[in-house]
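Visitor: I would like to learn how to read the features of a fold. Can you take me through one?

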Amino acid sequence: MENIQGRDNRGAARAIGFATSISDQPYDDTIEIEEISILHLEDTPEDSELILMTLQREGWQIDYTRVDSEKQFLEALKKSDFDIILADYHLPDYNGIEALQVCAEHYPEIPFIIVSGTLGEEIAVEMLKYGATDYLLKQNLQRLCPAIKQALFETRLKKQKLKAENELRRSEEKYRAIFENIQDVFFQIDRSGKLIEISPSISRMNGHSTKELIDCHATILFKDPAVFHELVEQVESSDEVWDFEARFNTKSGLFKFVSINAHQIIGSKNEFMGIEGSIRDIDERKKAEKELVKAKERAEESDRLKSAFLANISHEIRTPMNGILGFASLLKEPFLDQKVQRRYIQIIEESGERMLNLINQIIDISKIESGQMKVDLTNVNINIELDKLFNFFLPMAQNKKLQLLCRKPSGKLHPVIFSDQEKIQAVLTNLINNAIKYTETGKVEFGYEVHGHTLEFFVNDTGIGISTKKLNAVFDRFVQADTSVSKAYEGAGLGLSISKAYVEMLGGRIQVSSTKGAGSRFVFTIPDIKQGETAASE
């Protein structure tokens, strides 16, 4: 091996195809070094002094430490922070390669320069491979200060590069975390409509994973593909869109409302490359808006019902009150015929009963609305209750020359239902009373049938019937079948509303079928039948 003396060994390394890691980069010679801390591994005091004098000629303030053994070298590294390490290659009990290996493993950020008397090409190349920043011969110390400046410049570049890489990595990690965990969905679509990027949050929105959607056409997301094409057209024509609403498919087969913000992706030649943006799940908001509309409609309906309530109650209260006050005044007339007197008293009693019934209905509907109406469950013998109702309404039907019929299933068993006796009786009473009231000729028929564990009650009549237009609203408050101006039939229109509420409280359903001028049929069900031979046996 040729010993290279008296010339720049770095040039020899280049001659055989090797170079320093980044020492070929030009350093900034405007860099001023005022203070520098140097660790020098050197066993010859004369060489150490010569090197120190060379450095001092630069006018630097130098913190200089010389060591000449492995032990001193390692101790010095542990005690102080050095800007640069200079090392002779040949020492009696230590060498530059061993020192370089220690620094490469534990102190890679400190520049390491070999300053030796003799250095062969192979050793020089090996030192560079192990991580030496530079090397030079003691016979060529005029290059020492520039080499140190170059080394410090490279170190600064490395630190800046490392800092930039760390900041970039942290930034990427930060935005990757945002990208993967943000509630909204980020997407990119190319000019052909293919999804080229979509954030993982899409799985929370529609159940599909990113892997399932990437490279698919974006119409896979939309319930109506035409809506996607409308979105693209709007973006192309106006550069961006905000709050574009659409319905998305979900993996479960349902649909979700979403809001899309999107803008164009423009290429380097100012050409349209696709669209990107964000998608927000607004399904709950749409449901809330729908509920808000319903609440508004209910509030408007409530206002309408309040007006109807005041109008009806005003009429229903004035009528019996006029009867009571008017005929009470007539009773004061002297020499009043006894028969006429009894008639006036009867009218007063009927008016009082009508007002009491109205007050009871108002109390009942108030309890129902406030949730204070209670259900009192007990064993009820249905046949006995129907017999009571038949006997109660028979005189009323006979007064109008109507036929009153009560139909019960044939057989020895008497159905007993575990339910609220008063509410069942109230519903039947109201339906039968209405049937007789609205029927001028013909018959009124009521009864029940047994269907499994459910009783189905019915009330049929041949009265005025209900128009198709009015049929859907007949269970609303203050609604009557006859709404003419003359209004021949008295009543506040609360009975059917209360009946419907009672039936539903007992777990049943009520419905009506009718033909105008031909009569009506009301049917309601009460569940949970118990069978017994007599009510007493229960």
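**Reading sheets, helices and loops**

Guide: Strand S8 (residues 185–190) and strand S12 (residues 272–281) run antiparallel, joined by six bridges. Phenylalanine 186 in this pair stands opposite serine 278 in S12. Keep in mind that this is a predicted model.

Visitor: Which sheet holds S8 and S12, and in what order do its strands lie?

Guide: The sheet is open and has five strands, in the order S9-S8-S12-S11-S10. The pairing is antiparallel. Strand S9 (195–198) and S10 are the edge strands; each has a single partner strand, so one side of each is left without a neighbour in the sheet. From one strand to the next, the twist averages 25°.

Visitor: Which helix packs on this sheet?

Guide: Helix H9 (residues 225–238) does, touching S8, S10, S11 and S12. The direction of H9 makes about 170° with that of S10.

Visitor: Where does serine 252 lie, and is serine 252 buried or exposed?

Guide: Serine 252 is in the loop between strand S10 (240–249) and strand S11 (255–266). The cut-off for exposed is over 50% relative accessible area. Serine 252 has 59% relative accessibility, so serine 252 counts as exposed. Look also at histidine 208, which is 44 residues away along the chain. The C-alpha atoms of serine 252 and histidine 208 are separated by 9.6 Å.

Visitor: Now a sheet with mixed pairing. What is its strand order?

Guide: The order is S14-S16-S17-S19-S18, an open sheet of five strands. Strand S14 (403–407) and strand S18 (510–515) are at the edges with a single partner strand each, so one side of each is left without a neighbour in the sheet. On average, neighbouring strands here are turned by 10° against each other, direction ignored.

Visitor: How should I read the side chains along a strand?

Guide: In a regular strand, side chains alternate between the two faces of the sheet. Now follow one pair. S18 pairs with strand S19 (residues 519–527) in the antiparallel sense, over six bridges. There, glutamine 511 stands opposite valine 523 in S19.

Visitor: Which helix lies across S18 and S19?

Guide: Helix H13 (residues 421–437) does. H13 also lies across strand S16 (443–451) and strand S17 (454–461), running at about 20° to S17.

Visitor: How do I describe two packed helices?

Guide: Use the angle between their axes and the distance between the axes. Take H13 and helix H15 (residues 495–505): they pack at an angle of about 145°, with axes 9 Å apart. H13 passes H15 in a left-handed crossing.

Visitor: Which residues meet where H13 packs on H15?

Guide: H13 brings Lys423, Ala426, Val427, Asn430, Leu431 and Asn434. H15 brings Gly495, Leu496, Ser499, Tyr502, Val503 and Met505. The residues of this contact are seven nonpolar, four polar and one charged.

Visitor: How many of the residues of H15 are buried?

Guide: Eight of its 11 residues are, and H15 is mostly covered. Among the buried residues are Ile498 and Ala501. The buried residues of H15 pack against helix H11 (338–370), H13, S18 and S19. After H15 comes glycine 507, whose phi is positive, near 85°.

Visitor: Let us read another helix pair. At what angle do H4 and H5 pack?

Guide: Helix H4 (residues 96–106) and helix H5 (residues 121–130) pack at about 15°, with their axes 10 Å apart. Angles under 35 degrees count as roughly parallel, and that makes H4 roughly parallel to H5. Their crossing is right-handed. Gly96, Ile97, Leu100, Gln101 and Ala104 in H4 meet Glu126, Met127 and Tyr130 in H5. By class, the contact has five nonpolar residues, two polar and one charged.

Visitor: And parallel strand pairing? Which strand pairs with S2 in that sense?

Guide: Strand S3 (residues 61–67) does, over seven bridges. In this pair, leucine 41 stands opposite valine 67 in S3. Strand S2 (residues 35–41) is mostly covered, with six of its seven residues buried.

Visitor: Last, the whole chain. How many helices and strands does the protein chain have?

Guide: The protein chain has 15 helices and 20 strands. Of its 538 residues, 38% count as buried. Among contacts with a separation of 6 or more, residues 24 or more positions apart account for 64%.

Definitions and conventions
Residues numbered from 1 in each chain as written. Predicted model: local features only at pLDDT ≥ 70, side-chain atom pairs only at ≥ 80, totals over all residues. Heavy atoms only, no water. Pairing = 2+ DSSP bridges. Helix = DSSP H or I, 4+ residues; strand = E, 2+ residues; numbered from the N terminus. Axes fitted to C-alpha atoms, helices over the stretch in contact; angles between N-to-C directions. Contact = heavy atoms within 4.5 Å. Left-handed = near helix turned anticlockwise from the far one by under 90°. Nonpolar A, V, L, I, M, F, W, Y, C, P; charged D, E, K, R; others polar. Parallel < 35°, antiparallel > 145°, perpendicular 65-115°, else oblique. Buried < 20%, exposed > 50% of the residue type's maximum accessible area, 1.4 Å probe, protein only.
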